[in-house]
Amino acid sequence: MVRPILSIAAILSCVSGSALALEPPTGWTSVDESTAVLNAERPEYGELREFTVTGGTGDPDEIVLSLKSVGVVVESHLPDNQGAVNLAIQGRLARARHVVVDDGATWMVVMVAPEHAATLDPDAVLMAALPRPSGGEWGLEQAQPLSGWTDGSVWGADKPAAAESWVTEGSMDPWAQDATVVGIWEGSAILAGTPTNLRFRFENTGAVILERTPRKKKAEVLEGSWATRKGLMKLDVDGGGDALGYSALGSTLTIEYAGAQVTLYKKQG
C-alpha cells in the first residue's frame with residue numbers, strides 16, 4: 001500500500017513567494033523575489049528557491065509539490081535526521097530546509113549540477129538564506145560559526161565543501177515495479193476537455209499498454225514502460241511523466257495522468 005496522494009490543487013492554492021523578497025547569501029544574485037543564483041550566466045553552479053506554504057507544517061510533500069508548481073519534477077525525496085530533505089531531480093542534486101513562521105512554513109531549496117556539488121555546502125547556504133525559526137533557534141548541534149569555505153559566500157577558497165553534504169540519486173531507493181499495480185485497470189477522465197475511457201495494462205516486466213478512447217473517436221493503443229518508487233510512478237507513455245503521484249488501495253488505483261487525477265478500477269479475471 002502506498003500513502004494517498006496529497007491534493008496538488010490544495011497545496012498550490014497555499015504556495016506563494018515570500019511576503020518579503022528573498023535575501024540571498026553573500027555572493028548570490030537575486031533573479032526574482034523568490035529565486036537567486038550563484039552565477040547569473042550559469043544557473044547550474046547553484047540555484048536557491050524560496051516557497052511559503054500558508055498553513056504548512058514542514059511536511060516534505062510541501063516542498064515536492066511547491067517545486068512541481070514551478071515545473072521542477074522531484075523524482076524522489078528523503079528526509080534526514082537533521083531536519084533537511086534530500087531531493088533527486090533530473091540533472092540536479094538538491095537539499096531543502098524549512099522553518100515555521102507565523103501561520104505557515106517557509107521552505108528554502110538549493111539545487112546544483114552534480115559536477116559542481118563539491119563547491120557548495122548546502123546546509124550553510126540554506127541556513128544563511130532562511131529566516132530565523134520561531135524561538136530563534138535552529139535546534140542543530142552543528143549550527144556553529146562556519147569556516148571560510150562553508151559560509152555561503154563566494155566559492156573558490158582554500159578547499160571545497162565536503163561532497164557528502166549531498167545525497168546522490170544512487171543513494172535513493174531504486175525504481176521498481178509495485179506488485180499492487182500489476183494488472184489491468186480501467187476508468188475514465190476528462191482529458192483536454194474530452195471524456196476519455198482509459199485501460200492500462202501494467203506488466204510485472206515494466207511494460208505498459210494503454211488503450212485510450214476519447215468519446216466519439218477511435219481507440220488509440222500506446223505502449224511504453226513504468227516503474228515506481230516511494231509513492232511516485234515513472235510512466236513512459238504519452239500523457240505520462242517522470243514522477244507522477246499514485247496510490248494503490250485494493251481494487252482502486254489513483255494516478256496522475258495527462259494533467260488530471262484519474263481513478264482506475266482493477267479488472268478481475
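**Notes on the predicted model**

1. Confidence. The mean pLDDT of the protein is 81, and 77% of its residues reach 70 or more, pLDDT being the predictor's confidence in each residue on a scale from 0 to 100. Over residues 1-13 the pLDDT is below 50, and this stretch has 28 contacts in the model beyond near neighbours in sequence, a contact meaning heavy atoms within 4.5 Å. Residues 136-163 also have a pLDDT below 50, with 45 contacts beyond near neighbours in sequence. Where pLDDT is low, the predicted coordinates should not be read in detail.

2. Conventions. Because this is a predicted model, local features need pLDDT of at least 70 and side-chain atom pairs count only at pLDDT 80 or more, whereas totals for chains, interfaces and linings use all residues. Residues are numbered from 1 along each chain as its sequence is written, and side-chain values use heavy atoms, with hydrogens and water left out.

3. Overall make-up. The protein contains 3 helices and 16 strands, taken as DSSP runs numbered from the N terminus (helices H or I, at least four residues; strands E, at least two). Of the 269 residues, 45% are buried, where buried means under 20% relative accessible area, exposed means over 50%, and partly exposed lies in between (1.4 Å probe, protein chains only). Among contacts between residues at least 6 apart in sequence, 49% join residues at least 24 apart. The protein exposes about 13500 Å², of which carbon and sulfur atoms supply 51%; the areas come from the Shrake-Rupley method with a 1.4 Å probe, and for residues only the protein chains shown count as cover.

4. Helix α3. This helix, residues 122-129, is mostly covered, with 6 of its 8 residues buried, and those buried are P122, D123, A124, V125, L126 and A129. What covers the buried residues of α3 includes the strands β4 (47-54), β7 (92-101) and β8 (104-112). At the start of α3, a side-chain oxygen of D121 reaches to within 3.2 Å of the backbone nitrogen of D123.

5. Which side chain meets that of R95 in a salt bridge? The partner is D123, at 2.8 Å from N to O, a salt bridge being a side-chain nitrogen of Lys or Arg within 4 Å of a carboxyl oxygen of Asp or Glu. R95 lies in strand β7 and D123 in helix α3, so the pair ties together parts that are 28 residues apart in sequence.

6. Other salt bridges. The count by this rule comes to 10 salt bridges. One of them joins the side chains of E44 and R42 at 2.4 Å, N to O; E44 is buried, with a relative accessible area of 16%, whereas R42 counts as partly exposed at 37%. Another is formed by E220 with R212, the closest N and O atoms being 3.2 Å apart, and here E220 is partly exposed at 32% while R212 is buried at 11%. Salt bridges that share partners also join D80, R95, R97 and D123 into one network.

7. Aromatic side chains. A search of the whole structure finds 3 aromatic pairs, where rings of Phe, Tyr and Trp (its six-membered ring) pair if their centres lie within 6.5 Å, and planes under 30 degrees apart count as stacked, over 60 as edge-to-face and the rest as tilted. F200 and F202 form a stacked pair, 5.5 Å centre to centre with 5° between the planes; F200 counts as buried at 0% relative accessibility, and F202 likewise at 1%. F202 and W226 form an edge-to-face pair, 5.2 Å centre to centre with 70° between the planes. F202 lies in strand β10 and W226 in strand β12, so this pair ties together parts that are 24 residues apart in sequence. F200, F202, W226 and Y257 form one aromatic cluster.

8. Backbone angles to check. Most residues other than glycine have a negative phi. A192, in the loop between β9 (183-191) and β10 (194-202), has a positive phi near 55°, and A192 is exposed, with a relative accessible area of 83%. K216, in the loop between β11 (207-214) and β12 (220-229), has a positive phi of about 65° although it is not a glycine, and K216 is exposed at 84%.

Definitions and conventions:
Polar contact = N/O pair within 3.5 Å; in protein donor to acceptor, adjacent residues only side chain to side chain.
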